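Here is a short report on one protein model. Keep the sequence and the 3D view open as you read.

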Amino acid sequence: MSDELKKQAALAAMSEVKSGMRIGLGTGSTAKHFVDYLGAEVAKGFECLCVPTSIATMKQAQSLNIPLTTLDEIDRLDVTVDGADEIDDRMQLIKGGGGALLREKIVAAASDKMVVIADTSKLVEVLGKFALPIEVNKFGLGATQNAVSAIMQDFKAEGGLVLRQQNDAPFVTDGGHFILDASFGRISDAKALSDELLNVPGVVQHGLFLGLCAKAYLADANGVKELG
Ligand SMILES: O=C[C@H](O)[C@H](O)[C@H](O)COP(=O)(O)O
């Protein structure tokens, strides 16, 4: 999507934050714009306390002097604003294209409201065209891959399972885990799939965000439309 659309969605989501709020900061190229807008407000005196969902977002927020805290210091956030790889009309999401899904899900679940920002190309009828990121423990990788492959067969996955790579080596998340990208094609029962995946001992978390997103700002050439 064009960077301009990402900016428009991010700017629209600024309406969700008020001075004094505790805010979760998402990860990715769209969330990055939101953090930039928030930083500009902080420079003008806007007060907030924020929890970043990745080391990259933490560094960006620090560079903008956005006050940061952790979920050890506070237990709830008012709102989290984050991007998504796919969103359906029930506000179910696939996230984790950038590998930040674990921290993103922890932060979203600790928030009174999760707001998604994206362009309308992320809006899909059925989730699954975007390969589902599954964060797995490094220990027992082969066994975990086999278990996930068996689940993919049960759920009639149309594609395969790959260990995400970066610079000719397995990609490692901020939490020190690997990512398996699972190409389902169509995920007809996201809740059932989520339950199955979380039953695999080596699966740390997956990128299906169900019942977490309350609102979405989706930008296209005609403007920003709101979902939820
Ligand atoms: O792990 C990454 C996150 O879930 C991102 O929010 C997601 O991949 C969307 O990123 P972008 O805004 O760059 O498309």
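## Two domains

Domain bounds here come from an automatic or database domain assignment. The model is predicted, so local features need pLDDT of at least 70, side-chain atom pairs count only at pLDDT 80 or more, and totals for chains, interfaces and linings use all residues. Residues are numbered from 1 along each chain as its sequence is written.

The chain is divided into domain 1 (3-120 + 210-220) and domain 2 (132-205). Their C-alpha centres lie 25 Å apart. The contact takes 13 residues from domain 1 and 13 residues from domain 2; two residues are in contact if their C-beta atoms, placed from the backbone, lie within 7 Å. On the domain 1 side, helix H4 (residues 101-109) gives the most, with four residues. Helices (H or I, at least four residues) and strands (E, at least two) are DSSP runs, numbered from the N terminus. By class, the domain 1 side has six nonpolar, five polar and two charged residues. Here Ala, Val, Leu, Ile, Met, Phe, Trp, Tyr, Cys and Pro count as nonpolar, Asp, Glu, Lys and Arg as charged, and the others, Gly among them, as polar.

## The nonpolar core

A residue is buried if 20 or more other C-beta atoms lie within 10 Å of its own, exposed if 12 or fewer, and partly exposed in between; the C-beta atoms are placed from the backbone. A nonpolar core is a set of buried Ala, Val, Leu, Ile, Met, Phe, Trp, Tyr and Cys residues joined through C-beta atoms within 7 Å.

The largest nonpolar core has 65 residues. Those with the most contacts inside it are Ala9, Ala13, Val116, Ile117, Ile134 and Ala182. Both domain 1 and domain 2 give residues to this core, so it lies between them. Take Ile117: leaving aside neighbours within four places in sequence, its contacts include Ala9, Ala13, Phe34 and Tyr217.

Leu93 is found in strand S5 (residues 93-94). Is Leu93 buried or exposed? Leu93 counts as buried, because it has 30 C-beta neighbours inside 10 Å. Not counting residues up to four places away in sequence, Leu93 touches Val116, Phe209 and Cys213, among others.

## Helix H3

Which residues of helix H3 (residues 55-63) are buried? They are Thr57, Met58 and Ala61. Seen down the axis of H3, these fall within an arc of 105 degrees, so they line one face of the helix. The arc is that of the directions from the helix axis to the C-beta atoms. The buried residues pack against strand S1 (21-25), helix H2 (29-43) and strand S2 (48-52). The face turned away carries the exposed residues Lys59, Gln62 and Ser63.

## Around the ligand

18 residues surround the ligand. A residue is near a molecule or strand if its C-beta atom, placed from the backbone, lies within 6 Å of it. The closest are Gly28, Thr30, Gly83, Gly97 and Gly98. H2 gives the largest share of the shell, three residues. By class, the shell has four nonpolar, ten polar and four charged residues.

## Positive phi in two loops

Met91 sits in the loop between strand S4 (86-87) and S5. Its phi is near 65 degrees, a positive value in a residue other than glycine. Asp168 lies in the loop between strand S9 (165-166) and strand S10 (169-170). Asp168 has a positive phi of about 60 degrees, although it is not a glycine. Asp168 is exposed, with 5 other C-beta atoms within 10 Å.
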